[in-house]
Amino acid sequence: MSDYIVELKGITKRFPGVVALNNMQLSVKHGEVHGLVGENGAGKSTLIKVLTGVHQPDEGEIYVNGEQMRFKNPNESAAAGIACVYQELNIEKLLSITDNIFINKWEKKGFLLDYHSMHEKTTQVMESLGQTVDPRRAAGTMGMGVQQMIEIAKAVLIESKLIIMDEPTSSLGEREVEQLMKTVRELKSRGIAILFISHKLSELFELCDRVTVIRDGEYIETRNIEDWSNDSLITSMVGRTLDNQFPKEFGEKGDVMLKVEDLSVGGVLYDVSFEAYGGQVLGFAGLVGAGRTETVRAIFGADPIDSGRVFINGKEKKMSSPGEAVKAGIALLTEDRKGQGLVLTEPIKNNMILASMKQHSDGPFLNERRIDEGSQKLVESLRIKTPSIYEIVGQLSGGNQQKVVIGKWINSDADIYIFDEPTRGIDVGAKIEVYNVMNTLVKAGKCVLMISSEMPEILGMSDRVIVMRGGRVMAEVERDSEHFNQEDIMKAAWGGSLDD
Amino acid sequence: MTKKRTFAGIQMGTILALIIMCVVLSLANRNFYSYDNVMGIFKQTAFNAFLSVGMLLCLITAGIDLSVGANAVFTACLMGAMNKAGVSSGLLMMLVALIAGGAFGFINGVLLTRLHLPHPFVSTLGMKNVLWGLALVVTGSQMVSGFPDSVQWLGRTTIQGFPVSFIMVLIVYVIMHIFLSRTALGRSIYCAGGNIEASRLSGINTANVLTFCYTLSGVMAAIAGIVSVGRSGISNGANATQPYDTDAIAACVIGGASFTGGKGTMVGTMIGCLIITVLRNGFSLLSIQSSIQNIVLGLVIILAVLMDVLRANMEAKRRRLASAK
């Protein structure tokens with residue numbers, strides 16, 4: 001028996017325009033929690049897909065328990081004991097939890113499916129993961145945390161030896177994260193190795209035995225967790241020292257540009273009121289499901305509201321559709337950029353004018369020259385890595401896609417920019433560029449709203465913070481207030497009072 | 001890096017297929033290449049070409065309009081009913097036909113965008129049956145003939161043998177090509193088809209964009225109805241059972257449109273229309289049964305889509321290899 005459950009040696013994988021992996025190596029010991037970090041585009045996704053048999057490497061060797069393997073497809077990788085819980089879960093929302101777990105490995109009695117036994121096993125395996133659930137319920141009715149456990153249960157049931165978790169906490173609330181950590185430790189104690197991919201360094205320090213850093217498709221180094229520090233990890237990931245993770249710059253506080261009064265949506269938002277000023281970043285803190293996204297979508301006219309009023313520069317505006325909101329000078333950078341921000345099948349230049357076709361038209365006709373020049377300028381100023389502005393957006397990496405979304409809204413020349421989780425799933429370098437865009441906006445007197453689930457980002461970038469919980473505004477904290485710290489804001493987000 | 005949707009972007013394979021078909025048919029039957037027959041092909045293409053305009057727009061939005069054929073028949077019958085009722089003004093008949101066709105298209109759009117029916121497949125299928133029934137109701141299930149010359153002019157007149165209806169088709173196709181490729185609304189149609197939610201959240205009024213497409217589809221169906229009256233001299237509600245809708249879909253799909261939306265061009269659709277007519281025409285000249293025609297047409301549709309898939313795969317491979325250098 002080898003020391004390692006999985007070893008990669010000299011793996012090279014090429015894609016159009018990039019060498020995604022170059023002489024990559026990775027070795028995961030039996031029953032360890034192994035962290036894998038790197039900027040976006042560092043090659044983590046490709047590495048996972050090589051391990052799971054989705055991609056076949058152009059060069060290099062894969063060993064499972066000392067034995068060389070060649071995975072032609074995901075089934076072969078699964079048979080070798082490798083499972084993956086992808087960031088975007090593969091859940092059939094309408095099917096029951098049992099169906100999801102036993103999909104393609106049905107237990108039968110004669111010709112018929114043996115639901116009695118499958119339900120029982122589902123209940124057992126879910127319970128062993130700390131979830132008491134009715135196995136007959138449709139998986140889509142469960143929270144994200146449970147849905148993730150369903151994926152893990154699938155892996156456990158086929159007796160996987162290595163479970164890859166790709167950003168497992170990115171869509172979870174605080175309590176669900178804790179449950180997940182417990183589960184990871186439980187799996188480890190059963191001798192199952194975990195390859196844990198995360199953008200949250202604190203999680204790595206809490207969970208991992210060893211951490212491997214990769215950069216630009218290349219292996220950088222693996223160390224035991226006690227030999228890493230926050231700074232050394234970031235230095236290793238970006239290949240340069242970051243003097244300041246949050247390059248916050250201050251604009252001049254202007255007038256109230258956005259005023260929201262008693263915004264209510266039945267069962268979702270309750271009398272949400274706040275004001276946002278020009279030249280400032282207003283941060284929105286809270287747990288997942290606190291109603292922050294719902295609030296900005298309501299302001300933007302994306303969802304209907306039951307009552308409440310919205311004032312732009314002192315004038316009341318009815319936001320009956322996003323079209324109205326865009327006309328009124330609001331830009332919403334949605335959390336889900338692929339599903340809601342971009343037309344992936346269209347080239348960069350067409351996405352850039354999505355919110356500003358009028359400004360790019362002479363009469364009914366589009367001015368292609370102006371569009372091309374403008375897009376080219378934005379590609380350069382936002383440093384979007386692409387062969388040309390004619391590149392289909394679906395071909396770009398996540399960080400570059402986010403920059404196209406930013407370009408789209410810069411083109412619309414809005415007054416109020418709403419960023420919903422603007423740096424989720426993008427690398428440290430691209431994050432800083434996003435922060436710099438915010439700086440430029442507030443310095444130009446624009447009003448910026450930023451929803452973020454990352455406390456350091458909230459504290460690093462906001463001039464003022466609104467804390468929400470359960471569809472209500474719980475607290476409002478100025479940057480120079482004594483409450484402008486992680487503990488107090490967290491307390492408010494959990495429902496505590498700041499005046500105690 | 002080529003720009004998207006320029007002429008080079010249209011499948012050369014489809015154009016090549018059309019040319020090869022023409023060459024083979026010319027060799028097989030001398031009459032195929034005669035001036036009269038070629039003009040006949042243009043004349044026969046006009047009806048489907050108009051229906052395909054609306055179908056293409058709806059397909060680009062990732063929708064479909066299954067009522068185009070029935071709408072064309074209905075508008076023809078509506079003119080027939082007016083004719084029977086003693087309306088003498090051909091202009092009035094055509095105006096009413098265009099408004100009625102557009103109105104039913106508009107209803108299709110409203111059902112989809114304002115009443116939120118899940119997919120236009122179902123609503124336009126319903127509308128197809130409604131229009132079929134209405135066509136029979138307004139004419140009392142009778143054929144109507146004796147239309148004024150002004151109504152028949154579009155479908156019947158030729159200039160030096162060249163059918164006016166096809167000249168009209170060319171004009172409409174050029175205008176629609178410019179519309180789709182050069183105007184903000186045209187680009188919005190592609191964007192709405194590619195990702196309707198992203199387009200909506202970018203401030204594009206996607207409901208209006210879609211409603212526009214279905215309304216225009218209805219107007220185009222009415223023009224096709226007028227052409228059909230001129231060509232045949234009659235309006236006949238029983239024609240609503242003809243496979244007009246699927247011919248229009250076939251033309252668009254052969255021309256590169258996709259059911260997933262965001263794709264399709266006027267030039268491609270024109271070629272698709274011509275392929276279908278050339279096939280029907282050529283086989284008739286060769287006295288091949290219509291059953292065989294149907295089989296071959298079916299295979300052509302499948303082949304066209306297959307080619308498109310293979311082309312996309314090859315493109316992906318080319319990118320991969322280019323990057324490996």
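## Gln131 of chain A

Gln131(A) touches Met126(A), Val146(A), Met149(A) and Gln179(A), leaving out residues up to four places away in sequence; contact means heavy atoms within 4.5 Å. Gln131(A) is placed in the loop between α4 (115–128) and α5 (144–157) of chain A. Helices (H or I, at least four residues) and strands (E, at least two) are DSSP runs, numbered from the N terminus. With a relative accessible area of 14%, Gln131(A) is buried; buried means under 20% relative accessible area, exposed over 50%, and partly exposed in between (1.4 Å probe, protein chains only).

## Basis of the model

This is a predicted model, in which local features need pLDDT of at least 70 and side-chain atom pairs count only at pLDDT 80 or more, while totals for chains, interfaces and linings use all residues. Residues are numbered from 1 along each chain as its sequence is written, chains are lettered from A and ligands numbered from 1 in the order in which they are written, and side-chain values use heavy atoms, with hydrogens and water left out.

## The interface of chains A and B

In chain A, 41 residues are in contact with 30 residues of chain B. The area buried between the two chains is about 2,700 Å², and carbon and sulfur atoms give 58% of that area; buried area is the accessible area (1.4 Å probe) that two parts lose on being put together, summed over both.

The rule finds 2 salt bridges across this interface, a salt bridge being a side-chain nitrogen of Lys or Arg within 4 Å of a carboxyl oxygen of Asp or Glu. In a salt bridge, the side chains of Glu368(A) and Arg187(B) meet at 2.7 Å, N to O. Several elements give two or more residues to the side of chain A that touches chain B, among them β1 (4–15), α13 (368–381) and α14 of chain A. The most is given by α11(A), with 4 residues.

## Gly407 of chain A

Gly407(A) lies in helix α14 (residues 398–412) of chain A. Its relative accessibility is 0%, so Gly407(A) counts as buried. Beyond its neighbours within four places in sequence, Gly407(A) is in contact with Met352(A), Leu378(A) and Leu382(A). Between Gly407(A) and Ser273(A) there are 30 Å in space, C-alpha to C-alpha, and the two are 134 residues apart in sequence.

## Helix α10 of chain B

Helix α10 (residues 206–232) of chain B has 27 residues, which should span 39 Å at 1.5 Å a residue; its end C-alpha atoms are 39 Å apart, in agreement. The expected span is 1.5 Å times one less than the number of residues. This helix is mostly covered, with 20 of its 27 residues buried. Just after α10(B), Gly233(B) takes a positive phi of about 80 degrees.
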